[in-house]
Protein chains: 2
Amino acid sequence: MSASNLTVTLGDVAAAAGVSVSTASRALNGNAKACRISATTADRVREHARRLGFRPNLLARSLQSRRSGLLGVVVPDVANPFFAAIAKEVTRGAEEAGRSVLLADSGECNEREVTLVAELQARRVEGLVVCPVGVDSTHLEAANAAGTPVVVVDRGFRDGSLPTVTSDHRGGAERLIEHLLELGHRTIGIVQGRPGTLPNDDRLRAARDALAAVGVSIDDVPVAGNGFTERSGYESAARLLADRPDVTALFAFSTPNAFGALRAAAEAGRSVPNDLALVCFDDVPHGEFLRVPLTAVAQDVRRLGQTAAEVMAERLETGRPPRRRRYTVPVRFIARASSGGPLPGAEPRSRRRSSRESLAAGAPR
Amino acid sequence: MSASNLTVTLGDVAAAAGVSVSTASRALNGNAKACRISATTADRVREHARRLGFRPNLLARSLQSRRSGLLGVVVPDVANPFFAAIAKEVTRGAEEAGRSVLLADSGECNEREVTLVAELQARRVEGLVVCPVGVDSTHLEAANAAGTPVVVVDRGFRDGSLPTVTSDHRGGAERLIEHLLELGHRTIGIVQGRPGTLPNDDRLRAARDALAAVGVSIDDVPVAGNGFTERSGYESAARLLADRPDVTALFAFSTPNAFGALRAAAEAGRSVPNDLALVCFDDVPHGEFLRVPLTAVAQDVRRLGQTAAEVMAERLETGRPPRRRRYTVPVRFIARASSGGPLPGAEPRSRRRSSRESLAAGAPR
DNA sequence: TTGAAAGCGCTAACAG
DNA sequence: CTGTTAGCGCTTTCAA
């Protein structure tokens, strides 16, 4: 029996085989041919390595080769299926490239993110894929400048130099607003997520723009909310419905926001979609089994992760900086029951094809 | 400006400060006092370290100290919220203990799991938390024996020596069956998950036992299914409903299984809960917004992960083997609409308090 | 075809 | 109080 033994070193194998460590190293690394090691010697070394259960120490190898084979991944909440899906695709990509993933959870806390990034750098990760908390990017810019390539996913920063992969937030928001406009809605309440983050602000701006385009003044667009959570959705929707009883539709910026809004609507005695239309950014798994299936814009989370993985892989393999700074992944509009039918008394209005839509660039390839 | 610079070594700092590397090392590791380094020297070293942006190379430190500070985590599918939640808790626990997590995704493939475990061992992880694919454990037993402590979560192995953290599968299954029995059901179809895995087989056995206890012969319990997926749920439920039109209730072993069964029921023209009761193991987030809220047994996923983290932490900190081999986390029964009301013509039957229930042991502390 | 030796960056005995 | 020395386990010139 040759149970693998973590304490057996290359030296032990070499000794057992009666060769030097350098020979053993060469024999085991397939450099046999290249380094002109005799077949018999190579076999002997391999045989002894097997017998002793030799497992090369990757820490030592990394130290010497200056290549850790590690990729750092930082997300605000691993338990969130959205980030979990991204982590999965990135992990898969890394493993295909022979790298392992060091996963860290920032818990939506910027300071923690800073610490974690430093820690990962100390472990000499070769690259960093980060879904940042989103308020500050100096630590990421610094890491990138210091030679650890950084790719940012989901949330990002309006300026700066980091390659960023996001969904087409603007296109998606615009599409949802257009949909509501088609149905005759004009007073649309916005249940936003976390202000200051790029996805939130992009969606908000796009929504306002789309409304402004049909003459709805910005003051006539009630907005509330302070996070992508159900709680924020509930509280802000409740407030919105109380303050502005004239809203006929709600646009929630996340599914938790939408579920919160659903609760608030129910408590306010407004049934969806009859007394209130509801649309949301992000789809919910098994949405078809909901009591009120939600009209939504689905992000292609896997593609988000894959794109990040590809951008990182290219950066790592070629050593060249990324081709672009922004990679925008298209979203998918799904009309379902929650947005209801045309508002009574509304003149039908056909959807004007959005200029953005055709711009939504896919990932390379 | 002192941008952190990954290429600055301890030697550089020492040179700049005009001391030897050992002095520099001691000054920076807080061993100043213990090693009687003069305060001024220590300060000078620290100052230069800061100025140069020195970041200690953890790979080198790990190699020398023989402590990688790494914990390996292997799950069948990171994108699955269940495993993501476990990964999160374990990650949190590891980070609290100053360790980083190497995350790997086995993709439900046993061979891949074997490879990944070997890879993680090569990276000298100090411990391994694994949600195994579940068919073979020799590689895990080997790792454990070779000195890398292994903790198994969710799926596990009936025999072997690995400490295992699971939900109370038997108690949960028994509870659901009891519930259906109370409502008067006697012909209950089982939409199982992946046969051969411990959770599946434990649930199946408990369900059969509970039915046998009221005189339902094992041949009268139709069972179908080959995975925890929606597809398996759909196909097996369809088959079950076709072959045994007399079933009045279905017990799905996972939420995807349940959603599949829901589709199959709809296609078979049986509405839930009126023409067919449905219960399932595992809860679904936002279950209250489903058209037919599902009666379920919810696993305490976070506690599953926390327990695994604790068991691992204790093992790592004390060096002692775990106190027990099985850690069973209680589940929570939630009655909702999908199981319907009492079956017409069924004599009411009060629930016999299960012997298992009181046995469901919590995690230590 | 193989070995000796140097060194990756760090820590820790052991001497001063 | 601080420097010297010897590695941790591996790869890789450079010689032989």
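Predicted model: local features only at pLDDT ≥ 70, side-chain atom pairs only at ≥ 80, totals over all residues.
Q: In which order do the strands of the 12-stranded open sheet follow one another?

A: Strands of a sheet pair through backbone hydrogen bonds, and they may do so in parallel or antiparallel fashion. Here the order is S11(A)-S5(A)-S4(A)-S3(A)-S1(A)-S2(A)-S2(B)-S1(B)-S3(B)-S4(B)-S5(B)-S11(B), and the pairing is mixed. The edges are held by strand S11 (326-329) of chain A and strand S11 (326-329) of chain B, each of which has a single partner strand, so one side of each lacks a neighbour in the sheet. On average, and with direction ignored, neighbouring strands of this sheet are turned by 20 degrees against each other.

Q: How many bridges join strand S5 of chain A to S11(A)?

A: Strand S5 (residues 164-167) of chain A is joined to S11(A) by 4 bridges, and the two run parallel. Within this pairing, A:Thr164 has A:Arg326 in S11(A) as its bridge partner.

Q: Which strands of chain B does helix H12 touch as it packs on the sheet?

A: Helix H12 (residues 301-318) of chain B touches strand S1 (70-75), strand S3 (127-130), strand S4 (150-153), strand S5 (164-167) and S11 of chain B, and its direction makes about 170 degrees with that of S4(B). In chain A, helix H7 (residues 138-145) lies across strand S3 (127-130) and strand S4 (150-153), running at about 145 degrees to S4(A).

Q: What is the strand order in the 6-stranded open sheet of chain B?

A: The order is S7-S6-S8-S9-S10-S12, again with mixed pairing. Strand S7 (223-224) and strand S12 (331-334) of chain B are at the edges, and each has a single partner strand, so one side of each is left without a neighbour in the sheet. Strand S10 (residues 295-299) of chain B is joined to S12(B) by 4 bridges in an antiparallel arrangement, with B:Val297 standing opposite B:Phe333. Helix H9 (residues 198-212) of chain B lies across strand S6 (188-191), S7, strand S8 (249-252), S9 and S10 of that chain, at about 175 degrees to S6(B).

Q: Which residues come nearest to DNA strand D?

A: Of the 25 residues around DNA strand D, the nearest are A:Leu10, A:Arg61, B:Thr23, B:Arg36 and B:Thr41. By class, this surface has 8 nonpolar, 12 polar and 5 charged residues. Helices H2 (21-28) and H4 (58-65) of chain A, and helices H2 (21-28) and H4 (58-65) of chain B, each supply at least two residues of it.

Q: What parts of DNA strand D are within 4 Å of the protein?

A: Of the DNA atoms within that distance, 64% belong to sugar or phosphate and the rest to bases. On the base side, a backbone N or O atom of A:Ala60 lies 3.5 Å from a base nitrogen.

How values were computed
Residues numbered from 1 in each chain as written. Chains lettered and ligands numbered in written order. Heavy atoms only, no water. Pairing = 2+ DSSP bridges. Axes fitted to C-alpha atoms, helices over the stretch in contact; angles between N-to-C directions. Contact = heavy atoms within 4.5 Å. Near = heavy atom within 4 Å. Polar contact = N/O pair within 3.5 Å; in protein donor to acceptor, adjacent residues only side chain to side chain. Nonpolar A, V, L, I, M, F, W, Y, C, P; charged D, E, K, R; others polar.
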